[in-house]
Amino acid sequence: MSGFSFQIDGVEVTAKNGQTIMEAADEAGIYIPRLCDHEGLRHQGGCRVCTVKAGGRSVAACTQPAALDLVVENETPHINKLRRDLVGMLFNEGNHLCPICEASGNCELQAMAYRLGMTEPTKFPYLEPCRPVDASHPDIALDNNRCISCGRCVRASQDVDGKGIFGYVGRGIHRHIAANGPDLQHTDAEVTDFAISAEVCPVGCIIRKREGFARPIGERDYDDHLIGYDIEKKRDE
Amino acid sequence: MSDLPKARIATASLAGCFGCHMALLDIDERLIELMKLVEFDRSPLTDIKRFTRRCDIGIIEGGCCNEENVHVLQDFRRNCDILVGIGQCAIMGGLPAMRNAIMHSDEPLRECLEEAYIKGPFTQNKTQIIPNDPALPLLLDKVYPCSEVVEIDYQIPGCAPTGDVIYEALAGLLSGRFQGFERAHIRFD
């Protein structure tokens with residue numbers, strides 16, 4: 001396959017034709033922060049946490065194709081400030097009370113705040129949504145108040161599981177994820193679905209019943225290393 | 001070093017569990033070295049109730065859930081050069097802030113009090129009255145993070161913060177060289 005090279009933060013990166021900036025960066029062991037993108041799912045470009053400057057323009061690295069001799073800025077103070085603002089707004093919109101959340105320590109939103117050096121989740125008063133919790137399913141519960149609308153469960157259910165259990169409803173600030181039925185119990189959702197698996201929901205919205213705190217706080221995914229560590233360690237190898 | 005005047009520190013626990021004060025002990029033996037540099041003014045640790053003079057650093061645990069918390073916090077802001085919020089309750093309301101939204105009610109405070117004193121399945125309150133003695137501080141409509149009430153200069157995150165993070169912050173502030181935390185040390189839980 002033909003390839004070409006471009007630059008990310010001054011490092012020469014080789015990309016294959018058709019690769020996005022993020023795909024090429026991942027292979028080169030350069031981590032570009034992301035929340036709505038996940039390996040194995042199609043790209044969406046929704047959360048904009050992966051915003052980079054490519055040729056001086058702000059673009060979503062997960063959807064922007066890499067191009068020959070493109071100069072990409074990723075970890076600059078300016079872009080990380082923008083990312084902190086985005087992550088702060090995501091915290092602001094939901095009920096993200098880390099000390100009481102079962103996902104704490106495994107949460108990608110929280111881990112992103114750590115990585116960006118944020119000492120407070122948000123500078124603004126929480127919007128405190130009061131969306132009903134759907135605990136109707138025998139094995140799964142949904143707490144929509146923690147949803148960041150990344151759409152990973154939508155894509156996982158549609159593209160991987162072939163079920164289409166989740167979808168967006170509403171517009172603007174009222175847009176949220178809903179189950180394709182009166183409640184989750186009346187869909188064909190199963191706890192073995194990829195969409196329900198721990199790796200898909202980045203926050204504590206999709207909860208698998210009877211496994212809460214199986215792994216204690218302090219021994220969880222982001223307690224030992226920063227988010228993106230698995231990609232960055234490729235560069236050292 | 002011993003000739004320098006000691007930094008004067010005040011602490012308070014507002015709507016918190018005292019866990020962050022306890023976490024100060026997690027500094028372990030470094031506490032001895034730190035104690036050579038500081039002396040305590042108003043604090044639950046000294047049981048001094050009012051400021052005896054202006055302090056260099058004020059450390060606040062917990063958010064504001066009642067009017068007394070607000071008065072204490074404002075008093076700290078007036079009397080401290082640097083105000084530090086310690087722990088998630090001070091930073092974002094923490095566990096007490098569950099009553100703001102998690103109750104899924106239009107009147108979360110009322111529902112919270114009714115659940116606690118009247119309707120709860122395990123409530124043993126024969127009078128069926130929600131405590132309303134005038135001596136009790138008036139509850140606020142919501143639990144507020146400290147930064148919504150006064151200006152907070154620094155925040156030490158965690159629930160409770162680890163000894164390392166507290167030491168990093170206090171040692172940095174006392175030497176005047178605090179530059180923020182190591183990213184790997186930040187925790188919100």
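Colleague: Where is B:Phe181 placed in chain B?

Modeller: B:Phe181 sits in the segment after helix 7 (163-175) of chain B; helices here are DSSP runs of H or I with at least four residues, strands are runs of E with at least two, and both are numbered from the N terminus. Keep in mind that this is a predicted model, where local features need pLDDT of at least 70, side-chain atom pairs count only at pLDDT 80 or more, and totals for chains, interfaces and linings use all residues. Residues are numbered from 1 along each chain as its sequence is written, and chains are lettered from A and ligands numbered from 1 in the order in which they are written.

Colleague: Thanks! Is B:Phe181 buried or exposed, and why?

Modeller: B:Phe181 is buried because 23 other C-beta atoms lie within 10 Å. The cut-off for buried is 20 or more, exposed is 12 or fewer, and partly exposed is in between, with C-beta atoms placed from the backbone.

Colleague: And which residues does B:Phe181 touch?

Modeller: Not counting residues up to four places away in sequence, B:Phe181 touches B:Val165, B:Glu168 and B:Ile186, plus A:Thr119 from chain A. Contact is when C-beta atoms, placed from the backbone, lie within 7 Å.

Colleague: New topic: how is chain A divided?

Modeller: Chain A has domain 1 (3-75) and domain 2 (84-224), with bounds from an automatic or database domain assignment. Their centres, taken over C-alpha atoms, are 25 Å apart.

Colleague: How many residues are in contact between those two domains?

Modeller: In chain A, 12 residues of domain 1 meet 16 residues of domain 2. The domain 1 side divides into 6 nonpolar, 4 polar and 2 charged.

Colleague: What about the largest nonpolar core?

Modeller: That core has 106 residues, and A:Ala61, A:Leu109 and B:Ile60 have the most contacts inside it. It draws at least three residues from each of domain 1 (3-75) and domain 2 (84-224) of chain A. Such a core is a set of buried Ala, Val, Leu, Ile, Met, Phe, Trp, Tyr and Cys residues joined through C-beta atoms within 7 Å.

Colleague: Which residues does A:Leu109 contact?

Modeller: Leaving aside neighbours within four places in sequence, the contacts of A:Leu109 include A:Leu35, A:Phe91 and A:Pro202.

Definitions and conventions. Nonpolar A, V, L, I, M, F, W, Y, C, P; charged D, E, K, R; others polar.
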